[in-house]
Amino acid sequence: MRCALGIDLGGTNIKWGIVAENGEVLLEGLTPTESERGPDELLNKLSAIAERAMHASSDLNLQLESVGIGSAGQVQRASGIVMGATATLPGWAGMPLGERIGRETGLSVVVDNDVNMIAVGEAWLGAGREWEDFLCVALGTGVGGCWISERRVYGGREGYAGEFGHMVISMGGRECSCGNRGCWESYASVTGLKKLAYEQWEDGPWEEPETLFRYAREGNPRALAIVNQYCEYVAAGLTGLIHIYNPPAIVLGGAIVAGQDAFLLERIQTLLSRGVMPVYQRPEPVALVAAQLGRQAGVIGAALAALKR
């Protein structure tokens with residue numbers, strides 16, 4: 001059976017899996033990113049994951065053909081080099097990731113931005129199957145995204161397109177990990193939600209978004225006020241993207257969306273119906289759907305990209 005190793009390198013965790021050509025995840029794992037330990041240690045972690053996957057595929061009589069890696073940051077797809085990275089992955093800029101992992105494994109390696117890989121997975125087997133064109137936005141440690149056009153990732157000049165999280169929505173606002181101020185990521189990410197919750201409820205349940213959302217679901221007024229404010233921040237960015245791309249749908253994923261379903265999406269959809277110009281809502285409103293593949297989306301997408309290459 002043909003398969004590939006898919007690796008989803010995020011700011012908080014590294015998710016990986018051996019994925020068959022039909023999209024089935026045959027073996028998977030999760031390990032903390034711990035980027036503060038430096039780029040060399042992070043590279044060692046990725047190499048160890050690849051080595052483990054190679055041994056496992058041999059034991060399972062699988063034909064491991066290639067490796068796909070989705071990395072946070074700006075990736076030059078042609079070379080597999082991570083050309084830019086924020087403080088989320090310190091020292092990661094300039095890492096020749098494709099070449100290094102390829103040399104150590106002897107396999108072909110495809111590297112792209114992590115949210116691009118998530119979008120590929122959702123387009124293949126998830127919430128994006130219905131559309132040829134759609135936006136994908138991930139609300140995680142940071143905020144990333146991409147534009148899928150004719151079922152392909154639009155990369156721009158060098159492959160760096162889709163850094164939606166670093167469009168400025170508040171001049172002189174919160175400091176962002178990129179060094180700028182007022183970026184959407186500073187408000188709509190997990191980090192932004194935690195900061196908002198701490199500002200509004202210093203001794204409240206702000207350490208984990210899941211706890212905050214549970215309080216809000218139960219009707220706690222302070223938690224509900226925080227969630228509503230957060231949804232306004234998310235909707236502000238999505239409104240701008242809708243006016244730029246005129247998409248039929250937005251697939252919304254990431255750690256914040258997982259498990260919240262209609263509770264979160266309906267609030268955001270209501271705000272979009274108020275803020276998006278009417279002409280962009282015809283013949284029907286932009287569909288806002290939750291990513292379906294959960295934490296496996298980036299892994300599946302990375303493996304598919306590797307198999308296709």
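Good morning. I begin with Glu41, which at 28% relative accessibility counts as partly exposed. Partly exposed lies between two cut-offs: buried means under 20% relative accessible area and exposed means over 50%, using a 1.4 Å probe and protein chains only.

Before I continue, a word on the model. It is a predicted model, in which local features need pLDDT of at least 70 and side-chain atom pairs count only at pLDDT 80 or more, while totals for chains, interfaces and linings use all residues. Residues are numbered from 1 along each chain as its sequence is written, and side-chain values use heavy atoms, with hydrogens and water left out.

Let us turn to the salt bridges. A salt bridge is a side-chain nitrogen of Lys or Arg within 4 Å of a carboxyl oxygen of Asp or Glu. How many salt bridges does the structure hold? There are 13. In one of them, the side chain of Glu41 meets that of Arg37, with 3.9 Å from N to O.

Another joins Lys195 to Glu199, with the closest N and O atoms 3.8 Å apart. Why are Glu199 and Lys195 separated by about one helical turn? They are so placed because they stand four residues apart in helix α5, residues 190-200. Helices here are DSSP runs of H or I with at least four residues, strands are runs of E with at least two, and both are numbered from the N terminus. Glu199 is partly exposed at 45%, and Lys195 is partly exposed at 43%.

A further salt bridge links Arg214 and Glu218, at 3.6 Å from N to O. Here Glu218 is exposed, with 59% relative accessible area, whereas Arg214 is partly exposed, with 42%. Elsewhere, salt bridges with shared partners connect Glu34, Arg37, Glu41 and Lys45 in one network.

I return to α5 for its buried residues. These are Val190, Gly192, Leu193, Leu196 and Ala197. Viewed down the axis of α5, they fall within an arc of 160°, so they line one face of the helix. The arc is that of the directions from the helix axis to the C-beta atoms. Their cover includes β8, α4 (185-188), α6 (209-217) and α7.

Helix α2, residues 97-105, can be described in a similar manner. Which residues of α2 are buried? They are Leu97, Gly98, Ile101, Gly102 and Thr105. Their arc around the axis is only 115°, which puts them on the same side of α2. Among the elements covering them are α1 (39-59), β4 (63-71), β6 (81-84) and β7 (108-113). After α2 comes Gly106, whose phi is positive, near 75°.

Finally, the sheet. Strands of a sheet pair through backbone hydrogen bonds, either parallel or antiparallel. Two strands pair if DSSP finds at least two bridges between them. Five strands form an open sheet in the order β10-β9-β8-β11-β12, with mixed pairing. At its edges stand β10 (152-153) and β12 (287-290), each with a single partner strand, so one side of each has no neighbour in the sheet. Strand β11, residues 249-253, runs parallel to β12 and is joined to β12 by four bridges; Ile250, for instance, has Leu288 of β12 as its bridge partner.

Helix α7, residues 221-245, packs on this sheet and touches β8 (134-139), β9 (143-149), β11 and β12. Contact means heavy atoms within 4.5 Å. The direction of α7 makes about 155° with that of β8. Axes are lines fitted to C-alpha atoms, for helices over the stretch in contact, and angles run from 0 to 180 degrees between N-to-C directions. Helix α8, residues 261-275, lies across β11 and β12, at about 160° to β12. Thank you.
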